[in-house]
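Hello,

Here is the structure I said I would pass on. My notes on it follow below.

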Amino acid sequence: MASTLFSRSFVAATHRLITPPLSSLLPQTTAAFLTKRAFYSHQLGVASTASKSTTWARRAMAYTRVGTKAGYSTSSISTSEPVVSVDWLHANLREPDLKVLDASWYMPDEQRNPIQEYQVAHIPRALFFDLDGISDRRTSLPHMLPSEEAFAAGCSALGIDNKDGVVVYDGKGVFSAARVWWMFRVFGHDKVWVLDGGLPRWRASGYDVESSASGDAILKASAASEAIEKIYQGQTVSPITFQTKFQPHLVWTLDQVKNNMEDPTFQHIDARSKARFDGTAPEPRKGIRSGHIPGSKCVPYPQMFDSSQTLLPAEELKKRFEQEDVSLDKPIMASCGTGVSACILAMGLHRLGKTDVPVYDGSWTEWATQPDLPIEGDESSS
């Protein structure tokens, strides 16, 4: 009861500090941020002792499987390869210039709380990267790409430097981690990889996890969201340890998609399920029409993985795209529901050497909420 009252009073007090222009721009996102900030603050009172989930003998067995640890070097992994194995990460986990990020995020209808799950079990030393917190505060669309300045501020608050190699994972295998991989690349940081198979693969391999986030990890996650908020309020944030270099060719806007629909130069692939694409299944977000953007092709993102949620070999990936009539010899752009699973398609194409695949950031949620834009497969409009 006391903690609930604290959270409510914290949210109310903080809300009064927000300038009217910002809150009027995006009340829903601001409210979500404030609630999350109160949650972070409350969690500082939770015991933060880390506990290992496996015995020392099990750890020794895990090290035996890896073999002798090689010296860490980001140059030992090609940036043309989008993933690293759990064995590689385990062997290099303690290197100071390697940052591990838990970027778990789930669809609204899954009713899962990524922050709480992070506290229950995460890879040792992993920080929590809040996909909704490190996002654009000027739009009602969910977790859109923040500005360069905002992303730099968020990464700096997390303690990430440009010299660091970054490995991103999530709790589903590979899902939201691909979005964060894409975000870092959009802002010019190529030393970033997704953990192949994610946390499930890590745990299945017998490697340790930590439970109960440390106060430091909670503070950093909160500080990153606060830094983003300050940037959008026009405040100065320092120190900035992470420098960005925006890569505009990796992200598309609504206007670019409209132009491409009228004069196709890029093949447009949609990562959503066939039922959502065809308009026979409802969208998970309320009020969003069903169907797809005219001219797009459906390549459901699960086709990129094997049964253990690891990325398919290049030859298998090639077959998956070709069977959906997607030519690898022509330019490709990707979309999905809110710009998350589209990044999985971009990741698969990255393995095939197509390292310049743009993602439509607003994706279907933006397109379907524009009343004057054409939609195919929407049964409600037929």
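Beyond its neighbours within four places in sequence, L93 is in contact with L98, V100, I123, P124, R125 and W202. This residue of the predicted model lies in the loop between α5 (86-92) and β3. L93 is buried, with a relative accessible area of 5%. One of its contacts, P124, is 31 residues away along the chain, and the C-alpha atoms of L93 and P124 are separated by 8.0 Å.

As background, strands of a sheet pair through backbone hydrogen bonds, either parallel or antiparallel. Both strands belong to an open sheet of five strands in the order β2-β6-β5-β3-β4, with parallel pairing. Which strands stand at the edges of it? They are β2 (83-84) and β4 (127-128); each has a single partner strand, so one side of each is left without a neighbour in the sheet.

Next, the helices. β4 is among the elements that cover the buried residues of α7, and α8 and α10 are also included. Eight of the 11 residues of α7 are buried, so the helix is largely enclosed by the rest of the structure. Those buried residues are A150, F151, A152, A153, G154, C155, S156 and L158. α7 is followed by G159, whose phi is positive, near 85 degrees.

How do α7 and α10 lie against each other? Two packed helices are described by the angle between their axes and the distance between the axes. Here α7 (residues 148-158) and α10 (residues 215-232) pack at an angle of about 155 degrees, and their axes are 8 Å apart. Angles over 145 degrees count as roughly antiparallel, and α7 and α10 are therefore roughly antiparallel to each other. The crossing in which α7 passes α10 is right-handed. On the α7 side, the residues that meet α10 are E149, A150, F151, A153, G154, A157 and L158. On the α10 side they are K220, A221, A223, A224, A227, I228, I231 and Y232.

α8 is mostly covered, with 11 of its 11 residues buried. They are S176, A177, A178, R179, V180, W181, W182, M183, F184, R185 and V186. α8 is followed by G188, whose phi is positive, near 85 degrees. G188 is found in the loop between α8 (176-186) and β6 (192-195). Is G188 buried or partly exposed? With a relative accessible area of 35%, G188 is partly exposed. Leaving aside neighbours within four places in sequence, G188 is in contact with K245 and Q247. G188 and T244 are 56 residues apart in sequence but 5.9 Å apart in space, C-alpha to C-alpha.

In it, H268 stands opposite M333 in β11. Both faces of β11 (residues 332-335) are covered. I332 and A334 are on one side and M333 and S335 on the other, and all of them are buried.

On the cysteines: how many disulfides does a search of the whole structure find? The search finds zero. C336 is in no disulfide, and the nearest cysteine sulfur, that of C343, is 6.7 Å away. A disulfide needs two cysteine sulfur atoms within 2.5 Å. C336 is buried, with a relative accessible area of 1%. C155, one of the buried residues of α7, has a relative accessible area of 0%.

Last, the totals. The chain has 15 helices and 12 strands. Buried residues make up 53% of the 382 residues in the chain. Of the contacts in the chain with a separation of 6 or more, 80% are between residues 24 or more positions apart.

Regards

Technical notes. Residues numbered from 1 in each chain as written. Predicted model: local features only at pLDDT ≥ 70, side-chain atom pairs only at ≥ 80, totals over all residues. Heavy atoms only, no water. Buried < 20%, exposed > 50% of the residue type's maximum accessible area, 1.4 Å probe, protein only. Pairing = 2+ DSSP bridges. Helix = DSSP H or I, 4+ residues; strand = E, 2+ residues; numbered from the N terminus. Contact = heavy atoms within 4.5 Å. Axes fitted to C-alpha atoms, helices over the stretch in contact; angles between N-to-C directions. Parallel < 35°, antiparallel > 145°, perpendicular 65-115°, else oblique. Left-handed = near helix turned anticlockwise from the far one by under 90°.
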